[in-house]
Amino acid sequence: MTSQIANGTDGKASTGGGRPRHPLWVWFMAIVLVLPLGLGVPYYLKLLNLVWVWTIVTLGLNLLTGLCGQASLGHAAYYGIGAYTTAILSTRLGQPFWVTIPAAIFLGIIVGAITGYPALKTKGPYLALVTIAFGFIAHTVFLNWRGLTAGYQGIGAIPALGTGETLIDIARTTYFLIAIIGLGSVIAAVHLADSRLGRAWKAINDNEFAAAMCGVDVPGTKLQAFVVSTGFASLAGALYAYVTRFVSPDQFTLDVSIMFLVMLILGGLGSTIGAILGVVIVASGHEILSPFPMVEVFLYGLLIIVTMLFFPRGVSGFLSTIRLPFRGR
Amino acid sequence: MTLQSLIQQLIGGLATGALYGLVATAYNFPFAAAKAINFATGEFFMLGAFLALSLTKVGVPLIGSITLSALGAGILMLLLERAVVRKAYGHPELTILIITLAFSTCLRSGAQLIWGTIPEAFPSYLPERPFKVGGILVSRLNLVLLVVGVLIMLAIQKLLVSTSIGTRMRAVAQNREVASLNGVDVSAYVSGAWASGAVIAALAGILMAPMYFVTTDMGVIIALKGFAAATVGGLGKSFGGLVGGFIVGVSESLGAGLLSSTYKDAIAFAVMIIFLILRPSGVFGKTIEKL
């Protein structure tokens, strides 16, 4: 066991006890993915696209915060880096999505490693604050590097991800591509959580000293968690640019970083299905409460306090105490 | 850059440095007592300014409104600690972090609901006109900020070092069990540390209020700069806050003068990151937990 955790960060490590690799709900989601294609209104498809995009960020954040116990309050910045990379490459250089999306992920990971390294080298609450600070720096750069980002005006006219003759065809193919990438991310997150690396993250969350005693390189493993989660965030950002087809600095503020954390905590820290539930809850709340932004933010704060005190495992943890045909893990 | 403008920048940097030092001290109190970062520190800063503004508007004299608003912030934090934070002791560090973050979002949006989002001017209690010493313009508000900030910090230091309350506080910070065995009411002192942090943050907010507009977002950036100062001085080290504040404030102000003021905030954070890499225990830190 010791050497298993210590060596190898191979994503395909064995699972304990021969549990099914893909729980029922992954297949359920695969079916859900196809059904919305019947929707005839592009607006609803766009909303569902956003749900997938936020799900990807929250899944990555879950690996970092839910499994490894490290909080990031700057994920909007990595999300923004992904979005701007895509926007710039596709509008200025006319690159297709199979170039822009990997480029966005690559850049997000590089910047994540550079910002995560000083914060995670030292034991302490530094990551949360360094990431907030980085969020502000990124926002300043988006706003002021006008030659590259067009400043507060933002970058518009980003080409659509999908193709087709009519608007609804474009919306449907876009949705299909995003849902495929989203489902791929869900499966990747489930595998990562189950891998040796994932168990090393959980070990660090449970007890850093014990994990170190078992041969886990604590700062290095934390950094891996952070970098993986920034990769998810920049992938989501790249897709976000294709969904809204317009990026501007206002879309990547501290409030957005906090929103991601709210989604994760409400859904349930450490649970993959919880991450998805949290996104659906916050996205619906956002639709209803958008005329009252302050009330919305206030309610988020209150809900987080109640969740942390009474339902530390969030909605998914609460649901798993009730018997349901499909349950979160 | 002429020598005069350099000195002017330096004084401005020291004044903002004193402000960051106060905010850093506000972080250090709960960190020393409960190993927790209060993410709502910036919101107590903002709350201090707004409460003082509202009290001044209804005609409470300056000293009264300063005292009442600092106390108000302290009492609010005390209630929150007793009602909420207390339940999270013994849970993973992440729990308190998230709870105080939730306080911060609630306080900020709550303040927006009460006071609105339009920036308000704080009535200045000093002549706005700067005075001149040997060709150097000195802003009176900056001078007040510097002097009062340093005085508050010296008073805190005096309290911690040479009173019995201070000794007990340090005992709680050093070893709870031993402090408790020696008859210190640890839980009261931990609550007290949270409340003291909020009081200091509120005082800093009131001090800064006349220099800029009072807005519900005023605490966000200052809280980060204060944390940078706390990191530079060494988290949990009471006097480290002031020194860290001066280092961050001066490098920011000189950096803004020499380079560009657009990236002023980035300079403060860069100083923090340099310290995290080269000297993570801060100027005053000696030992550091390593894994």
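A crossing of two helices is called right-handed if the near helix is turned clockwise from the far one by less than a right angle, and left-handed if it is turned anticlockwise. In this predicted model, the term applies to chain A, where α4(A) passes α5(A) in a right-handed crossing. Two packed helices are described by the angle between their axes and the distance between the axes. For helix α4 (residues 75-92) of chain A and helix α5 (residues 97-121) of chain A, the axes come within 8 Å and cross at roughly 145 degrees.

The residues that make this contact can be followed along each helix in turn. From α4(A) come A:Tyr78, A:Ile81, A:Gly82, A:Thr85, A:Thr86, A:Leu89 and A:Ser90, while α5(A) brings A:Thr100, A:Ala103, A:Ala104, A:Leu107, A:Gly108, A:Val111, A:Gly112 and A:Thr115. Sorted by class, the contact of α4(A) with α5(A) holds 7 nonpolar and 8 polar residues, with no charged residues.

Elsewhere in chain A, A:Leu37 lies in the loop between α2 (24-34) and α3 (42-67). Leaving aside residues up to four places away in sequence, A:Leu37 touches A:Arg172, A:Tyr175 and A:Phe176. A:Leu37 can also be placed relative to A:Gly182, from which it is 145 residues apart in sequence and 15 Å apart in space, C-alpha to C-alpha.

From here the reader can turn to the place where the two chains meet. The size of an interface is often given as the accessible area lost when the parts come together. Between chain B and chain A the buried area is about 3,800 Å², of which carbon and sulfur atoms give 84%, and the contact takes 41 residues from chain B and 43 residues from chain A.

On the side of chain B that touches chain A, the elements that give two or more residues are α1 (3-34), α4 (93-115), α9 (218-233) and α11 (264-278) of chain B. Of these, α4(B) gives the most, with 16 residues. The residues of this side of chain B divide into 29 nonpolar, 8 polar and 4 charged.

Notes: Residues are numbered from 1 along each chain as its sequence is written. Chains are lettered from A and ligands numbered from 1 in the order in which they are written. This is a predicted model: local features need pLDDT of at least 70, side-chain atom pairs count only at pLDDT 80 or more; totals for chains, interfaces and linings use all residues. Side-chain values use heavy atoms; hydrogens and water are left out. Contact means heavy atoms within 4.5 Å. Buried area is the accessible area (1.4 Å probe) that two parts lose on being put together, summed over both. Helices (H or I, at least four residues) and strands (E, at least two) are DSSP runs, numbered from the N terminus. Ala, Val, Leu, Ile, Met, Phe, Trp, Tyr, Cys and Pro count as nonpolar, Asp, Glu, Lys and Arg as charged, and the others, Gly among them, as polar. Axes are lines fitted to C-alpha atoms, for helices over the stretch in contact, and angles run from 0 to 180 degrees between N-to-C directions.
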